[in-house]
Amino acid sequence: MLQLRNVIKDFADRRLFSGFNWHIRPADRIGLCGENGAGKTTLLKMLAGRVSPDGGEVQVARGTTFGYLPQDGLEHRGRTLFAEVREAFADLLRMEKELAALEQAISESHAQADMDRYATLQEAFRQRGGYTMETEIAKVLRGLGFAEADWEKPCEQFSGGWQMRIALAKLLLQRPNLLLLDEPTNHLDLPARDWLESYLVAYPFAVVLVSHDRFFLDQVVSRIVEVWNGTLTEYPGNYSKYLVEREARVAALVEAKRRQDEEVAKIEAFINRFRYQANKASLVQSRVKQLEKIERIQIPPARKKIAFKFPEPPKGGRIALELQGVVQSYGPLTVLDRIDLLVEKGERIALVGANGAGKSTLMRLLAGDEAPKGGVRTEGHNLQLAYFAQDQAKVLDPARTVIEEITTAAPFEMVPKVRDILGAFLFTGDDVHKKVAVLSGGERNRLALAILLLRPANLLLLDEPTNHLDLQSKEVLLQSLKQYQGTLVFVSHDRYFVDALATRVVEVKSGSIDSCLGNYEDFLRLRQSQGDLSHSRQRVELGQGANAGPGEPSDKEERKRSQEERKESLRVERRRQKELAELEGHIEIQEQALAELEGRMADPDLYRDPDGWRMISTEHGRLKEDIEALYQRWEVLQRAEPDSA
């Protein structure tokens with residue numbers, strides 16, 4: 001569907017692409033990988049037609065449509081959210097408008113040409129999903145995390161991250177033949193990432209994407225294309241398989257280059273030895289030509305394995321921190337309502353939930369940055385915590401250089417390691433001498449995180465530490481945190497990071513929290529096994545069982561209470577499932593009747609009988625209204641929590 005031939009692209013005085021060839025086939029799932037600055041974003045823009053090659057050509061098959069999502073620069077204004085996203089169906093909206101005009105014309109003149117056009121257009125409108133487009137819009141908006149209350153808000157009220165979601169929603173609804181996504185998971189929380197992952201896996205056309213989310217790449221792509229040194233190298237499989245294959249390929253290249261270097265050295269030695277001997281001139285010239293024909297093997301740069309260990313955490317008690325009956329509100333909005341959370345020594349707790357659910361509020365309460373409106377926060381023995389907030393970069397001194405800022409903050413024993421740590425967080429070469437004042441927002445966040453991780457602490461509170469990190473830097477941070485001997489509570493929207501690190505997942509939702517031992521995979525498995533019943537709004541006591549403290553319910557009482565709650569939840573869920581099944585049956589019957597009616601409406605002879613046409617047209621409108629009402633109730637039941645169904 002799309003082919004690039006001998007593509008050359010220069011950027012300033014640097015050759016970004018040096019004559020590569022590449023072919024994208026229908027239904028391909030391709031992940032672009034490579035070092036920062038290798039040209040991944042430029043390549044996506046070239047595929048989208050926003051950047052032209054300086055040499056070579058881009059050949060596009062007839063009928064190919066493109067959808068491109070950039071990393072930033074997106075802004076939507078002048079419409080409500082729902083109206084803006086509805087513009088993705090521009091062709092269908094024009095057809096809908098024409099159908100309405102034809103209905104008016106037919107009711108006045110009964111012209112045969114209008115009737116024929118109406119029948120043809122209506123069938124095309126139906127086949128292209130005109131009668132289900134609002135249902136599709138609702139599905140995509142919910143999947144990307146927009147609450148129904150947001151649908152009528154003006155687009156300009158949404159922040160940059162939500163603006164990106166609006167653009168993504170429009171792209172997905174347009175369903176282009178070639179979907180080009182540059183960091184689509186930026187600003188998406190875990191539920192939205194999970195939904196997008198499932199959507200792209202089932203997407204029927206080609207997808208090319210750049211992402212620093214390893215789990216997302218593993219689930220979505222079936223081919224990795226590495227951009228390096230002006231060329232593209234393809235690897236079949238997902239990102240994890242690519243890492244293995246790349247290592248094997250580099251090892252083979254290193255061996256081939258060693259043999260080539262030996263051969264070149266022998267030829268050069270012969271030339272140098274006999275260069276000035278007349279009787280050897282022809283042999284020397286032959287060796288010179290042989291040397292010129294050798295295509296030198298290029299080896300991708302070895303990825304520097306950077307690692308650092310946290311300072312030994314101070315000794316602390318069995319309980320690191322505890323919240324009891326904590327309430328936090330802002331004006332009339334209650335974000336957390338009488339929650340209990342016990343954080344024990346050595347735990348690695350991941351806070352998950354939709355954006356705006358209260359994860360950052362909970363982190364600030366744990367850190368002591370905010371006083372709760374109600375309840376008690378109790379620190380464990382000898383607690384020494386370090387807190388990384390989303391706006392942690394504000395504490396940096398803009399007058400210092402990067403190296404000065406981190407060296408000033410580093411304990412004496414960590415000073416020799418600061419350059420390695422800066423390298424892990426993408427500060428290399430002259431970058432370390434930049435003033436903090438000139439750093440971008442992402443660079444400041446990375447520096448603030450590097451500084452925080454140098455401080456000895458027995459409790460780390462990290463709010464989205466993986467933002468603005470590439471895959472290699474995330475891996476460095478992950479390995480360091482795995483070796484950390486203290487207690488960790490963190491928020492991250494990187495699924496691989498959470499799965500590899502968490503020993504307990506705490507979901508924040510509807511003012512309450514719920515806990516699950518294990519990582520995010522275990523959390524999802526538990527939800528599925530419970531039919532997602534645990535998303536009810538009941539508050540769940542955390543840290544009970546063997547570690548229950550004084551005044552807490554006994555195991556027997558707790559089991560009895562939990563059993564009664566489960567029974568009631570199951571009864572409610574059974575009623576919900578029964579009504580869903582009945583609704584689906586009614587919908588099927590009504591849709592079959594609608595299809596039969598539309599078949600009759602496609603008959604030109606019908607429109608010669610105005611009374612008959614009006615009667616059938618009225619029946620058609622009634623059936624559509626009935627089906628719409630049934631679908632609305634079906635959607636309410638689908639998204640309803642068991643205790644509110």
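Is Asp28 buried or exposed? With a relative accessible area of 9%, Asp28 is buried, where buried means under 20% relative accessible area, exposed means over 50%, and partly exposed lies in between (1.4 Å probe, protein chains only).

This is a predicted model, in which local features need pLDDT of at least 70 and side-chain atom pairs count only at pLDDT 80 or more, while totals for chains, interfaces and linings use all residues. Residues are numbered from 1 along each chain as its sequence is written, and side-chain values use heavy atoms, with hydrogens and water left out.

**Stop 1: Asp28 and its loop**

Select Asp28, which lies in the loop between S2 and strand S3 (29-33). Helices (H or I, at least four residues) and strands (E, at least two) are DSSP runs, numbered from the N terminus. Display the side chain of Asp28: it reaches the backbone nitrogen of Arg25 at 2.8 Å. A polar contact is a pair of N or O atoms within 3.5 Å; within protein, one must be able to donate a hydrogen and the other to accept it, and residues adjacent in sequence count only if both atoms are side-chain atoms.

Next, show the residues that Asp28 contacts, leaving aside its neighbours within four places in sequence: His23, Phe205, Ala206, Val207 and Arg223. Contact means heavy atoms within 4.5 Å.

Then select Ala27, which is also placed in the loop between S2 and S3. Ala27 is not a glycine, yet has a positive phi of about 70°. Its relative accessibility is 42%, so Ala27 counts as partly exposed.

**Stop 2: the sheet S2-S1-S4**

Select the three strands that form an open sheet in the order S2-S1-S4, with antiparallel pairing. Two strands pair if DSSP finds at least two bridges between them. At the edges are strand S2 (14-24) and strand S4 (55-60), each of which pairs on one side only. From one strand to the next, the twist averages 20°. Axes are lines fitted to C-alpha atoms, for helices over the stretch in contact, and angles run from 0 to 180 degrees between N-to-C directions.

How many bridges join strand S1 (residues 2-11) to S4? There are five, and the two strands run antiparallel. To see how they face each other, select Leu4, which stands opposite Val58 in S4.

Remain in strand S1 and select Asn6. Asn6 has a positive phi of about 50° although it is not a glycine. Asn6 is partly exposed, with a relative accessible area of 47%.

**Stop 3: helix H7**

Move to helix H7 (residues 190-201), whose twelve residues should span 16 Å at 1.5 Å a residue. The expected span of a helix is 1.5 Å times one less than its number of residues. The end C-alpha atoms of H7 are 16 Å apart, which agrees.

Colour H7 by accessibility: the helix is mostly covered, with nine of its twelve residues buried. Among them are Arg193, Asp194, Trp195 and Glu197. At the N-terminal end, select Asp189, which caps H7 through a side-chain oxygen lying 3.0 Å from the backbone nitrogen of Ala192.

**Stop 4: the sheet S11-S10-S13**

Select the open sheet of three strands in the order S11-S10-S13, where the pairing is antiparallel. Strand S11 (333-344) and strand S13 (374-379) stand at the edges with a single partner strand each, so one side of each is left without a neighbour in the sheet. Here the twist averages 15° from one strand to the next.

Select Leu323 to find its bridge partner in S13, Arg377.

**Stop 5: Glu521 and the cysteines**

Select Glu521, found in helix H17 (residues 520-529). Glu521 is partly exposed, with a relative accessible area of 32%. Not counting residues up to four places away in sequence, Glu521 touches Arg495 and Asp499.

Finally, select Cys155, which is buried with a relative accessible area of 0%, and Cys516, which is buried at 6%. How many disulfides are there? The count is zero, a disulfide being a pair of cysteine sulfur atoms within 2.5 Å.
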